[in-house]
Amino acid sequence: MLRFLNSLFKFSKNSTLVEEDIMKKYLIVGLGNIGSEYANTRHNIGFKILDHLAKKEDLSFETQKLADVTVYKFKGRQFILIKPNTYMNLSGKAIQYWMTKENIPLENLLVITDDLNLPFGTIRLKTKGSDGGHNGLKDTQDKLQTTNYNRFRFGISDAFSKGRQVDYVLGEWTPEEESKLAERLDKSIELIKSFGTAGINITMNTFNGQ
């Protein structure tokens, strides 16, 4: 009987540890299009932010199933950084696969995307919302079957003339934007770290509108 109770306690303790480990894992997804021709475009800000973090922390991405992947460890948390290699309109497929593979709860998912409705460089964190016509978010919503997932929206502004939206989104940053990007990328990294360590609500209150 004693042996049984000890094994039961051990199982319960191990189960708790597994749950704690799961809650300390985060999936950070940068949206973008693969290919050198898209590397410096506004639509690829998700890739750019994760590349900036990887460079700062001396991390290397490896091409794995449906995404380029690296892991960043910070203050007891494990941030699994992925850049889907499925092209933008199939981003949800990669997100769903890596959430399942790494056993990531929905509340620990953060999707980074460009946003035309925000002034350049403005960062905003939300826990839910529509896809806003964004193909990457549209596929994510379709695959996850919910709009209730965290998204980090990086403003690229709407400084384009009528009928030029696609050219603008897939266009490269202006020299003026480039000069301001480094500081905005650093701020974006701070947001990601805060998301994993301080939680979604504190991070929204701290960073939204900056």
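1. Asp 115 has a relative accessibility of 10% and therefore counts as buried, the cut-off being under 20%. The model is a predicted one. Asp 115 belongs to strand 5, which covers residues 109–115. Beyond its neighbours within four places in sequence, Asp 115 is in contact with Arg 153, Phe 154, Gly 155, Ile 156 and Ser 157.

2. As to overall architecture, the protein chain contains seven helices and seven strands. Read from the N terminus, the order of these elements is α-β-α-β-β-β-α-β-β-α-β-α-α-α. Of the 210 residues in the protein chain, 46% are buried. Among contacts with a separation of 6 or more, 69% are between residues 24 or more positions apart. The protein chain has an accessible surface of about 11100 Å², and carbon and sulfur atoms hold 50% of that surface.

3. In soluble globular proteins, nonpolar side chains tend to be buried together. Here the largest nonpolar core comprises 28 residues, and Ile 28, Ile 49, Leu 110, Phe 152 and Ile 192 have the most contacts inside it. Helix 6 (residues 175–197) supplies the largest share of this core, namely six residues. Apart from this core lies another, of 17 residues, which includes Ala 67, Met 88, Ile 95 and Leu 144.

4. Which residues does Ile 192 contact, leaving aside its neighbours within four places in sequence? The partners of Ile 192 are Ile 28, Ile 49, Leu 50, Phe 79, Leu 110 and Ile 112.

5. The largest pocket has a volume of about 510 Å³. Its lining consists of 25 residues, and those that lie nearest the pocket centre are His 43, Gly 132, Gly 133, His 134 and Asn 135. Two or more lining residues come from each of strand 5, helix 4 (135–144), strand 7 (150–155) and helix 5 (165–169). By class, the lining of the largest pocket has seven nonpolar, twelve polar and six charged residues.

6. For the second largest pocket, the volume is about 150 Å³. The residues that line this pocket are Asn 33, Ile 34, Gly 35, Ala 39, Asn 44, Phe 47, Lys 48, Asp 51, Asp 68 and Lys 83. Helix 2 (residues 45–56) gives the most to this lining, with three residues. The lining of the second largest pocket divides into three nonpolar, three polar and four charged residues.

Notes:
Residues numbered from 1 in each chain as written. Predicted model: local features only at pLDDT ≥ 70, side-chain atom pairs only at ≥ 80, totals over all residues. Heavy atoms only, no water. Core = buried A, V, L, I, M, F, W, Y, C linked by side-chain atoms within 4.5 Å. Buried < 20%, exposed > 50% of the residue type's maximum accessible area, 1.4 Å probe, protein only. Helix = DSSP H or I, 4+ residues; strand = E, 2+ residues; numbered from the N terminus. Contact = heavy atoms within 4.5 Å. Areas by Shrake-Rupley, 256 points an atom, 1.4 Å probe, with all protein chains shown as cover. 1 Å grid on protein atoms, 1.4 Å probe; cavity = no way out; pocket = protein on both sides within 12 Å on 5 of 7 lines; lining within 4 Å. Points joined across faces, edges and corners; volume = space filled by probe spheres on them. Nonpolar A, V, L, I, M, F, W, Y, C, P; charged D, E, K, R; others polar.
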